[in-house]
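Hi,

Here is the structure I promised to pass on. Have a look at it first, and my notes on what turned up follow below.

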Amino acid sequence: MKLTTPAATARSASLIDPQSLMSIRSLELRARVVVQGFWSGIHRSPHHGFSVEFTEYRQYAPGDDPRYLDWRVFARSDRYFIKRFEDETNLRCQLLVDCSRSMTFGSLSYTKADYAATLAATLAQFLYLQGDAVGLLTFDEQIRDFIPARHRTGQLRNLMLALEKPAEGRSTDVLAALRRVAETVRKRGLLVLISDFLAPLDQLQKHLVSLSACGHDIILLHVLDPTETTFNFSESAMFQDVESGRALFINPAAARKEYLRRLESHCANLRSVCNCLGVQYDRMSTDRALELALFDFLRARMQLKRRVRRVIKHTGKSQP
């Protein structure tokens, strides 16, 4: 008998083409379509997301839900056993979304900002349906919107309204966003930072260390347009920095090698910082199906949980 993992099932399922998805004008509807497609792909109940994890067995007792009977154990032992689950609700997640002008670039029919907003909306919808508290911080060179993590009526709609605002900032200050979170988010939780990270990384490690020391789990989602990762322009042209307005005449054939070297160096530095701190890092191209991005988020969250449990088991300390 061949076992099918959730990963294989999700990838073999029919995925929604990002171009078709972005043609849906309503951000909230876009997010709903992705989440519903994700659940259909892995054939799993939406009531048992990543916040519920199998722990052990116990013998069946009258009144237990028969759906959780393990028939393989029954076949071996001729006894009824129930899978026990550890319910880890009350997750608090703060989404940090870059809305600077560099995010307005897009070689497809949509921009990085559109993709990032849809990704954030999808995560918010997913978390909210799990009964978890979710909040949002949008930023460019300053903080734009800050909505604390909560789970209450109207919260999801408020998040969608903030994410629908256009990206207008002239520069990116990731550090200001991290400082604001450190100052205001007192309860430990999950921080998801979504950005193209086209900014200096000098002080990033120090701020991530500070947040990790406060007990936060951190996931960095690095969003880039396919053209940014290949630089597949064919003709010489004037290129303009959308944030500074600076224009430069470039011959792509002559500049491609050095551009790609610098981009890979920048991404490698960012990945190295994350690896040193145990921060999850994923680079995402805007032509990638959002269901796969959601699956990566789920997998990253489970890896972070297992890492915390290994540390707790090794030290013998209880989790705060």
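Lys165 forms a salt bridge with Asp145, with 3.0 Å between the closest N and O atoms (a salt bridge being a side-chain nitrogen of Lys or Arg within 4 Å of a carboxyl oxygen of Asp or Glu). The pair links distant parts of the chain: Lys165 sits in the loop between α6 and α7 (174–184), Asp145 in strand β5 (residues 143–150), 20 residues apart. Helices (H or I, at least four residues) and strands (E, at least two) are DSSP runs, numbered from the N terminus. Asp145 is buried at 18% relative accessible area, while Lys165 is partly exposed at 48%; buried means under 20%, exposed over 50% and partly exposed in between, with a 1.4 Å probe and protein chains only.

Before going on, a word on the source: this is a predicted model, where local features need pLDDT of at least 70 and side-chain atom pairs count only at pLDDT 80 or more, while totals for chains, interfaces and linings use all residues. Residues are numbered from 1 along each chain as its sequence is written, and side-chain values use heavy atoms, leaving out hydrogens and water.

The structure holds twelve salt bridges. One of them joins Arg157 and Glu28 at 3.4 Å, N to O. Arg157 lies in helix α6 (residues 155–163) and Glu28 in helix α3 (residues 27–42), so this pair ties together parts 129 residues apart in sequence. Asp140 and Arg144 also meet in a salt bridge, at 2.6 Å; Asp140 is buried at 1%, and Arg144 is partly exposed at 41%.

**A buried Asp and a buried His**

Which charged side chain is buried yet has no salt bridge? That would be Asp98, whose nearest side chain of opposite charge, Lys112, is 7.5 Å away (Lys and Arg count as positive, Asp and Glu as negative; His and the chain ends are not counted). Asp98 is in strand β3 (residues 92–98), and its side chain has a 2.8 Å polar contact with that of Ser100. A polar contact is a pair of N or O atoms within 3.5 Å; within protein, one must be able to donate a hydrogen and the other to accept it, and residues adjacent in sequence count only if both atoms are side-chain atoms.

His222, in strand β7, is buried with a relative accessible area of 0%. The His222 side chain reaches the backbone oxygen of Asp196 at 2.8 Å.

Happy browsing!
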